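Trainee: Could you examine one part of this model closely and show how it is placed within the rest of the protein? A connected account would help me more than a list.

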Amino acid sequence: MELILITVAFVAGFLALKCQLPPLVGFLLAGFLLHDFGFESTTTITTLADLGVTLLLFTIGLKLDIKTLLSKEIWAGATVHNLLSTLLFALLLLGLKFLGVTSLASLDINQLILLGFALSFSSTVFAVKTLQEKGEMNATYGTLAIGILVMQDIFAVIFLTASTGKFPEWYAIALFGLPLLRPLMFKFLDKAGHGEMLVLSGIFFALVMGAGLFELVGMKPDLGALILGMLLASHRKASELSKVTV
């Protein structure tokens with residue numbers, strides 16, 4: 001089963017690349033096609049996908065400055081984008097409801113707004129891969145785009161917490177102490193060299209100190225990997241670590 005899924009994804013990604021499109025477009029189309037033919041994702045594929053997303057977000061963090069998120073261009077832009085997009089999609093869905101779309105007929109205005117809010121979120125993975133392939137991750141608009149995507153992840157965490165009533169564990173407050181460990185993490189990277197230990201260090205920081213700790217306290221694991229990457233972004237090996245981790 002896994003061999004078929006990987007083979008189809010490889011072929012679709014290669015064809016997308018030849019059509020001057022990001023391979024991720026091919027991967028998505030392959031997933032839709034396989035689903036139509038009755039294929040389902042396996043535990044192995046799901047685990048690999050989760051690991052890939054976590055490591056990707058860790059490398060994104062390695063290219064971001066924490067101060068960037070505090071700029072008004074980021075938080076104000078993300079807030080305005082979210083509000084306007086939610087309104088636009090809600091109005092569009094409302095219009096489709098009045099046109100007689102069956103799947104929307106039973107939904108009230110609050111449910112349509114909720115759907116509009118869900119549709120207002122962008123794909124972090126797709127945006128990042130596109131920017132990476134164009135070599136524009138460090139461009140001004142690339143940095144702004146990634147910053148806004150990070151803010152969207154934060155909005156999602158707040159929304160899920162408020163809507164489900166499931167709050168992080170009380171000891172999640174200890175995560176605010178992570179910046180205090182940054183000098184220790186820097187020294188560890190200094191001693192890790194440039195070989196296998198550097199690769200393993202990246203995996204450790206992303207999956208254990210980032211995703212693992214955040215999941216332990218009831219928060220999104222991939223957000224933890226992103227934040228750990230941001231904490232290490234100012235280290236002289238950040239660029240090298242980004243290349244060897246993914």
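Mentor: In what follows, two residues are in contact when heavy atoms of theirs lie within 4.5 Å. On that basis, 71% of the contacts in the protein with a separation of 6 or more join residues 24 or more positions apart. The model is a predicted one. The protein contains 12 helices and 0 strands, and 35% of its 246 residues count as buried. Along the principal axes, the C-alpha trace spans about 65 × 40 × 35 Å.

Helix α1 comprises residues 2-18. Leu-5, Ala-12, Gly-13 and Ala-16 are buried in α1. These residues cover an arc of only 100 degrees around the axis, which means that they lie on the same side of α1. The face turned away from that buried side carries exposed residues, namely Leu-3, Phe-10 and Lys-18. The cover over the buried residues of α1 includes α2 and α3. Just after α1, Gln-20 adopts a positive phi of about 65 degrees.

Helix α2 covers residues 23-36; its 14 residues reach 20 Å from the first C-alpha to the last, close to the 20 Å expected at 1.5 Å a residue. Its buried residues are Pro-23, Leu-24, Gly-26, Ala-30 and Leu-34. Gly-38 follows α2, and its phi is positive, near 90 degrees.

Leaving aside neighbours within four places in sequence, Val-8 is in contact with Ala-30 and Leu-34, both of which are among the buried residues of α2. Val-8 and Leu-34 are 26 residues apart in sequence, yet their C-alpha atoms are 8.2 Å apart in space. Val-8 itself has a relative accessible area of 25% and so is partly exposed rather than buried, the cut-off for buried being under 20%.

The rest of the protein gives this pair its setting. In soluble globular proteins, nonpolar side chains tend to be buried together. The largest nonpolar core here has 21 residues, and those with the most contacts inside it are Phe-58, Leu-178, Met-185, Phe-205, Leu-228, Leu-232 and Leu-241. At least two residues of this core come from each of α3 (43-61), α9 (182-191), α10, α11 (221-231) and α12 (238-245). The largest share, 5 residues, is supplied by α10. Leu-232 shows how far such contacts reach along the sequence: beyond four places, its partners include Phe-58, Met-185, Phe-205 and Leu-241. Apart from this core lies another, of 12 residues, among them Leu-56, Ile-60, Leu-64 and Met-230.

Ser-201 is a residue of helix α10 (residues 196-216). Its relative accessible area is 1%, so Ser-201 is buried. The side chain of Ser-201 reaches the backbone oxygen of Met-197 at 2.6 Å. Not counting residues up to four places away in sequence, Ser-201 touches Phe-188, Leu-189 and Ala-192. Thr-86, in helix α5 (residues 72-98), is likewise buried, with a relative accessible area of 11%. Its contacts beyond four places in sequence are with Ile-113, Gly-116, Phe-117 and Ser-120.

The structure holds 1 salt bridge, in which the side chains of Arg-236 and Asp-190 meet at 3.5 Å, N to O. Arg-236 belongs to the loop between α11 and α12 and Asp-190 to helix α9, so the pair ties together parts 46 residues apart in sequence. Arg-236 is exposed, with a relative accessible area of 63%, whereas Asp-190, at 37%, counts as partly exposed.

Notes
Residues numbered from 1 in each chain as written. Predicted model: local features only at pLDDT ≥ 70, side-chain atom pairs only at ≥ 80, totals over all residues. Heavy atoms only, no water. Helix = DSSP H or I, 4+ residues; strand = E, 2+ residues; numbered from the N terminus. Buried < 20%, exposed > 50% of the residue type's maximum accessible area, 1.4 Å probe, protein only. Expected span 1.5 Å × (residues − 1). Polar contact = N/O pair within 3.5 Å; in protein donor to acceptor, adjacent residues only side chain to side chain. Core = buried A, V, L, I, M, F, W, Y, C linked by side-chain atoms within 4.5 Å. Salt bridge = Lys/Arg side-chain N within 4 Å of Asp/Glu carboxyl O. Arc of directions from axis to C-beta.
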